[in-house]
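Hello,

Here is the structure I said I would pass on. My notes on it follow below.

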Amino acid sequence: MKFLDTPPRFLFFTGKGGVGKTSIACAAAITLARAGKRVLLVSTDPASNVGQVFGLTIGNTVTEVLTVPGLSALEIDPEQAADAYRERIVGPVRGLLPEKELASITEQLSGSCTTEIASFNEFTALLTDHDTLADFDHVLFDTAPTGHTIRLLQLPGSWTDFLSAGKGDASCLGPMSGLEKQRTIYADAVAALADPQRTRLVLVTRAQSAPLAEIARTYTELADIGLTHQHVVVNGVLPTPEDCDQLAAAIRDREQAALDDLPRELRTLPLDEIELKATNMVGISALENLFTPHPAPTPQALAEDAAPLPDAPLSALIDELADADHGLIMCMGKGGVGKTTLAAAIAVALAQRGHQVHLTTTDPAAHLTDTLAGNLDGLQVSRIDPAVATAQYRDRVLATKGAALDEQGRATLAEDLASPCTGEVAVFQAFSRVIHESRRKFVVVDTAPTGHTLLLLDATGSYDREIARQMGDNTNFTTPLMRLQNPEETKVLLVTLAETTPRLEAEGLQADLQRAGIEPWAWVVNNSLAAANPTSELLQQRSVTERDEIDTITRTHSRYAIVPMLPAEPIGTGALAALAGAENTVTAS
């Protein structure tokens, strides 16, 4: 593995959820420990479970992995870190401020920025704690901070003052307000991150366009602030099939096409490919084989007595949706799970049934016109450009809130407005303009705002409260948030894969939406190997590993669909209609 050649003291592993960061980090830690190095593996990934991988309990204290001499591990719970971080900020003013003000501050501190900064607050100590570091030759971090977080830590000035100046806006200055006292520690940590003699960043991805585009953005974001020593690891590449399985051959072709079309930013970086393995990466033996070619399982290794999957076609959900003649349908989920394709398939199916449908996306990576590859009567297609919406929002805030600030203040406010929260709020404002169309037609949305964004808007009074104030208590009105909260008007479909990390991320998104008063309507398990009935022995074994995840979803949620992985991408209205209407008859693998 090139990324393990002459490794520096610190290695950070980052990438989209579900690409295998934890497995790669654990396998790398074992490799270094087997070479006689003293290694500390630290996880800050909310979806990873290093303890489960090694088969022992690991918490927020350094724990030796007895089966691998020289290896120790530590898990930083991001939610616990965020809770403690929030309490340090909110605790001193509890009882001094009105409850509404406390609720607003708490919501500003509930987003992903707070969780990331709180986690960074925890592992920064490891970068600068010389007593702890003296015991280890290498420290490996499962999940790295984003460039946005690092830039915030580099900015000078009083965060509290800027928090006051920017009050009422979607902001990371709330999370940052508790960090001033540790500025020297953060400066040392950022210096360590930027030093190629001390730090290497490993961008983990799959051989798919969405994860590759994600790490290309990560590379640029980090390189712009001086973190240029980066490597690429492409995980789970399907080896050349040894049989005639059409599905396996098609997957192999798609992956090789994605690698051949590698984003320009990544082409000069060192790159490793890791073959797809038949089983999950749990246990020392499995991890030790991750970096070496491994033969496909024999037929005897397959679960031949597996029960049939539930009969849950996507068409059944569409039948329910079509019972109405209008409504808002939102396909939500993490990147790379296939939201765009499913949203397009649902829109095509509804239009073919004679309904008027508006299909729109807020996903910057989505290409709806390419997916549809043609026109269809009754189907309108549009795109909300996140970059344009966010630029307009930032300009508006800088022109108003930033007018009274000095040059340093405006620079800090501009960096604050580079937050992902800002983009979500800006897109929501554009998105809210199409919501009202769902009163008379179907509006199908690919990607939508998170519950945190909705609550942030509500808590700061940026929309709902302002409308209420203007309209008066005795006036009937409906805001976009109210429409989203109404299950008769809005149906949210959570899209996931039959894999642990995407499922956990979908559960987190569901909890986030529920905090905003929005109850997801259905779950969709997309691209399921288990539902595709592959004949390739390797893919059959992989399909067995999906069943626990599918079982968890079907036991927990009463309304769901299971969509099989297809040999060819569903491009064009005909293929999308087939995807939406095909019966998902599944037999045991």
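The largest cavity is lined by L193, A194, D195, P196, T199, R200, L201, G226, L227, T228 and H229. Please keep in mind that this is a predicted model. The space in this cavity comes to about 60 Å³, and a search of the whole structure finds two cavities of 30 Å³ or more. By type, the lining of the largest cavity holds five nonpolar, four polar and two charged residues.

Two elements, α10 (183-194) and β6 (199-206), each give at least two residues to that lining. β6 contributes the most, with three residues.

β6 itself is mostly covered, with eight of its eight residues buried. On one side these are T199, L201, L203 and T205, and on the other R200, V202, V204 and R206.

β6 also has strand partners. Strand β1 (residues 10-14) pairs with β6 in the parallel sense over five bridges, and R200 in β6 is the bridge partner of L11. Strand β7 (residues 230-237) pairs with β6, again in the parallel sense, over six bridges; there V204 has V233 in β7 as its bridge partner. Together with helix α11 (residues 209-223), β6 and β7 make a right-handed β-α-β unit.

A separate item is helix α23 (residues 500-515). α23 has 16 residues and spans 23 Å from its first C-alpha to its last, close to the 22 Å expected at 1.5 Å a residue. Its buried residues include T501, P502, R503, E505 and A506, and also L509, Q510, D512 and L513. Just after α23, G517 takes a positive phi of about 80 degrees.

Regards

Technical notes
Residues numbered from 1 in each chain as written. Predicted model: local features only at pLDDT ≥ 70, side-chain atom pairs only at ≥ 80, totals over all residues. Heavy atoms only, no water. Helix = DSSP H or I, 4+ residues; strand = E, 2+ residues; numbered from the N terminus. Expected span 1.5 Å × (residues − 1). Buried < 20%, exposed > 50% of the residue type's maximum accessible area, 1.4 Å probe, protein only. 1 Å grid on protein atoms, 1.4 Å probe; cavity = no way out; pocket = protein on both sides within 12 Å on 5 of 7 lines; lining within 4 Å. Points joined across faces, edges and corners; volume = space filled by probe spheres on them. Nonpolar A, V, L, I, M, F, W, Y, C, P; charged D, E, K, R; others polar. Pairing = 2+ DSSP bridges. Right-handed = clockwise from strand over helix to strand, strands pointing away.
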